[in-house]
Amino acid sequence: MTNFDDLLALWQQRLAVISTNANELSDAESTKRIRIKLRAGNYTGLSKAKAECAISQLSTLVDDYLLLAKVVDEARSISHGGLLTAWTNANEKISALLEGPSITRTTVQIAIKNRDLLGNAAESTKLTPDALLRLMQNEFEQARESLNELDLAETNGSLALANLKQDYSVMEQRAQTLNVDSDRPSFIEIQGLQSDPLSASDGIDALKRSLETWTAKLNDLERTRTVAISEVERAKLSLKDIQELQVIYGSQYKRLEDLYGVPVVVSSQTPQGAAITMLQSWCETLEKSLTAGQWSAVRVGMSRLQLAIAQAQTDLHRAIAEVQTRCAEVDEVKGRFAAYKAKDAVLSAKFGRDDSRQQMQRQIESDFNIQPLDLENLRTHLVRYQLMLSKVI
């Protein structure tokens with residue numbers, strides 16, 4: 001086998017590899033999808049330009065392959081020319097085909113309006129097989145990179161848009177729950193992003209920012225609503241507490257009246273029924289505003305209502321404490337009197353009855369029946385009674 005035989009075998013091997021790789025790229029599912037979408041006019045902008053260029057490069061690659069295959073086939077025919085073909089002459093021809101500028105490649109098509117009478121329909125250039133192979137390598141790499149870039153952009157873009165649509169759907173449900181229609185981002189741009197996936201990243205980022213802004217606003221509204229609901233519930237519980245405190249105060253005050261025998265003036269102020277009714281009405285109005293979605297207004301109103309409720313609770317606690325203290329004072333005096341009487345009974349059994357002590361005992365009993373009750377007078381008599389009891393040996 002001669003060097004020219006080796007050279008011919010090399011080019012035949014190259015053609016086989018080129019055919020395999022070019023066909024595999026052309027028949028790839030992503031390439032088929034891109035070709036179909038391009039024919040259907042579904043691409044715009046940069047994506048359209050890239051797809052057109054890549055598909056054109058694949059077509060040019062096939063044309064160049066045929067040019068190269070033709071030259072290699074001619075060289076193979078010469079190599080197998082038989083005895084009639086001189087060996088030296090055959091080698092020269094093979095060398096000229098495989099190493100010389102044996103390939104005529106069209107570079108520019110000339111329109112008829114730009115041609116003269118003797119002009120050619122196309123401009124062409126002479127190339128060696130090696131030079132053409134380098135061009136084919138560039139065509140293959142550029143087509144492959146463009147197709148991969150477009151496929152990856154479509155895949156990532158579709159996934160990103162699907163995630164955005166899902167997030168938007170979730171936010172839309174939250175907005176409906178919150179009864180909010182404003183500040184909703186527009187997704188009209190999605191169609192444009194789908195037709196030009198290579199330029200979609202900026203648009204997708206803009207949609208993400210719009211969705212994040214909307215989400216933040218909904219979060220703020222949701223927090224405001226949650227706080228407003230909590231404040232209304234707390235106000236209702238506080239009003240219920242006021243009602244319970246009123247009952248306690250009424251019961252304690254009734255006991256105090258019974259102890260003194262007449263209505264008693266309490267220094268601590270207590271909220272009147274009309275004031276409590278006003279607080280309840282105020283709370284009901286804010287609850288209606290809450291139902292209407294006016295959460296910020298509810299919070300402003302609640303801040304004022306809570307102050308009024310807190311003041312009413314404080315006044316009732318103070319009044320109850322005062323009434324209980326005054327009741328305890330009377331109970332303490334009664335307790336002391338009961339203890340003194342018991343001691344007096346013991347002393348009388350041991351030393352005999354004492355008329356002065358008996359008289360003081362009746363006086364104190366009479367003091368308890370006077371209306372209104374004179375607590376200071378009772379205390380004075382109790383002190384005297386205690387002194388009488390302490391003098392008994």
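Predicted model: local features only at pLDDT ≥ 70, side-chain atom pairs only at ≥ 80, totals over all residues.
Biologist: How many residues does α8 have, and what distance does α8 reach from its first C-alpha to its last?

Modeller: The helix α8 has 19 residues and reaches 27 Å, close to the 27 Å expected at 1.5 Å a residue.

Biologist: Which residues of α8 are buried, and why are they on the same side of α8?

Modeller: The general idea comes first. An α-helix has 3.6 residues a turn, so residues three or four places apart point the same way. In α8, the buried residues are Ile 276, Leu 279, Cys 283, Leu 286, Ser 289 and Leu 290. They lie on the same side of α8 because they cover an arc of only 135 degrees around the axis. The face turned away from this buried side carries Ala 274, Lys 288 and Thr 291, which are exposed.

Biologist: What covers the buried residues of α8?

Modeller: The cover includes α7 and α9.

Biologist: How many residues has the largest nonpolar core, and which elements give two or more residues to it?

Modeller: The largest nonpolar core has 58 residues, and Leu 279 and Ile 364 are among those with the most contacts inside it. The elements giving two or more residues to this core are α5, α7, α8, α9, α10 and α11. Its largest share, 17 residues, comes from α7.

Terms used. Residues numbered from 1 in each chain as written. Heavy atoms only, no water. Core = buried A, V, L, I, M, F, W, Y, C linked by side-chain atoms within 4.5 Å. Buried < 20%, exposed > 50% of the residue type's maximum accessible area, 1.4 Å probe, protein only. Helix = DSSP H or I, 4+ residues; strand = E, 2+ residues; numbered from the N terminus. Expected span 1.5 Å × (residues − 1). Arc of directions from axis to C-beta. Contact = heavy atoms within 4.5 Å.
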